[in-house]
Each structure stands twice: as C-alpha cells, then as structure tokens.
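Subject: Structure handover

Dear colleague,

I am passing on the structure we talked about, together with an account of what was found in it. Please keep it open beside you while you read.

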Amino acid sequence: MKIIMVMAMTLDGKIAKTSNHFPDWTSREDKKYFARVSKEARVVIMGDKTFATFPSPLKERLNVVFTLEENPKEIEGVKWVKGEPEDVLKDLEDMGYESAILGGGAFINGMFLDHKLVDEIHITVEPKIFGDGLGLFKGDFDVNLKLIDCEKINDDSVVLKYNVVY
Ligand SMILES: NC(=O)c1ccc[n+]([C@@H]2O[C@H](COP(=O)([O-])OP(=O)(O)OC[C@H]3O[C@@H](n4cnc5c(N)ncnc54)[C@H](OP(=O)(O)O)[C@@H]3O)[C@@H](O)[C@H]2O)c1
C-alpha cells in the first residue's frame, strides 16, 4: 500500500508550535492541496493529538486515528487504531484501500518512517517562521530523498514532493 505523507511546514521546518496548536496558519492553497490528495486516497492516517485539533472528522475520507486509549468514543467516519502500523495498513488493504495519506503529527510520522512505511513526502513550505516547535518527525533519522516535483501554489508557498529512498 502506498503511503504519502502530506504536511505543511514553516520555512524553519516546523509543523506546529505545540502538540495542540490549531493548524490555522496554512494557506488556502495548501488546504486545497491536502483536500484534493486526501480525497483521492479516501483515507487519512493520523495521531490522536492531530485529530484533536480538528473541529470534526475530515469529511468524505476515513479518519484512521492512532490512540492508546482503551475505549475511545465511537465517532462516525473514524477508525481508532493501535499497535503495529503494518497491521493497520494490512487492515486498510483488506478494506480495499490502495493508498493512504499520512497526515501527522510528528509522533505518528516518526513511527511510520521508523518502520520504513513512508513512500512519498509532500511538503508545503509556508512563508512563516516559528522558531521553537514540532518538527516533521519525532525521532533520530538519517534518511535520503529524491525530488519528484516542485510546484508553486501561490505567491509565497511551494509544494515539494519527494520519494523516500530506503
Ligand atoms: N503542519 C501540518 O501539516 C500538521 C499536520 C498534522 C498535525 N500537525 C500538528 O501536529 C501536532 C500534533 O503532533 P504530535 O506529534 O504531538 O502528536 P500526533 O502524532 O498527532 O499524535 C500522538 C498520539 O498518538 C497516539 N499514540 C502514540 N503511540 C501510539 C501507539 N503505539 N499506538 C497507538 N497510538 C499511539 C497517542 O494518542 P493518545 O494520547 O490518544 O493515546 C499520542 O498522543 C498538532 O499541533 C497538529 O496541529 C501539523
């Protein structure tokens, strides 16, 4: 199953100031880009901290949310998961999905990269600087990438697309 990580990042490499930072700082064009690619895949995988920043589940997509909670509240459109990411992806494949968007945050991105499950990375670089904050991945990595494409989506923002080389 193809996993495409899609994130918005400040010029200084941050995805948020804190774990509960509401993602209201990204451009309209980035939101449109995320909506388009995630609706194509029909499924977005994320951590519970990211999910908690949304006012409601992402519509028209299955929200696959990693949590350690024993009995998370049932919510329409949400599949709560835990355990090995490979097992979660196997379940999604059995459900008929061929690709999925990995939508953050830093912890879940790090877990998927550590398991060598990220195939492509699409980053919108937004014209902002946060200084302190969360990076794209939690963990210690030394991973190589190959540039696929670079697209200017408005006057100030670009989407960089990379293949991950393992
Ligand atoms: N700029 C962007 O494009 C972008 C995109 C996405 C997110 N973000 C930002 O990223 C921040 C959140 O990132 P984060 O790194 O703090 O958290 P996160 O990766 O979104 O979620 C971490 C959560 O995953 C769950 N978890 C951890 N280990 C697990 C395991 N082994 N099995 C199952 N579930 C497990 C836990 O949920 P429980 O606590 O429920 O157990 C943990 O709190 C937010 O500020 C958000 O706005 C930015």
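Two strands are said to pair if DSSP finds at least two bridges between them. By that rule β6 and strand β8 (residues 158–165) are paired, in the antiparallel sense and over six bridges, and across this pairing histidine 122 stands opposite lysine 161 in β8. Please bear in mind throughout that this is a predicted model.

The sheet to which these strands belong is an open one of eight strands, with mixed pairing, and its order is β4-β3-β2-β5-β1-β6-β8-β7. At its edges stand β4 (78–81) and β7 (144–152), and because each has a single partner strand, one side of each is left without a neighbour in the sheet. From one strand to the next the twist averages 25°. Helix α3 lies across β1, β2, β3 and β4, and it runs at about 160° to β3.

Strand β2 deserves a separate look. It pairs in the parallel sense with β3 over five bridges, and also in the parallel sense with β5, over two bridges. Five of the five residues of β2 are buried, so the strand is largely enclosed by the rest of the structure. Val43, Ile45 and Gly47 point one way from β2, whereas Val44 and Met46 point the other way.

In soluble globular proteins, nonpolar side chains tend to be buried together. Here the largest nonpolar core has 30 residues, and the members that touch the most others are Ile45 and Phe112. Several elements supply at least two residues each, among them β1 (2–10), α3 (85–94) and β6 (120–126), but α4 gives the most, with five residues. Leaving aside residues up to four places away in sequence, phenylalanine 112 touches Ile45, Phe66, Pro85, Leu89, Leu102, Leu117 and Val118. There is also a second, separate core of 15 residues, which includes Met46, Phe51, Val78 and Ile153.

Not counting residues up to four places away in sequence, threonine 50 touches Gly103, Gly104 and Gly105.

With best wishes

Conventions
Residues are numbered from 1 along each chain as its sequence is written. This is a predicted model: local features need pLDDT of at least 70, side-chain atom pairs count only at pLDDT 80 or more; totals for chains, interfaces and linings use all residues. Side-chain values use heavy atoms; hydrogens and water are left out. A nonpolar core is a set of buried Ala, Val, Leu, Ile, Met, Phe, Trp, Tyr and Cys residues joined through side-chain atoms within 4.5 Å. Buried means under 20% relative accessible area, exposed over 50%, partly exposed in between (1.4 Å probe, protein chains only). Helices (H or I, at least four residues) and strands (E, at least two) are DSSP runs, numbered from the N terminus. Contact means heavy atoms within 4.5 Å. Axes are lines fitted to C-alpha atoms, for helices over the stretch in contact, and angles run from 0 to 180 degrees between N-to-C directions.
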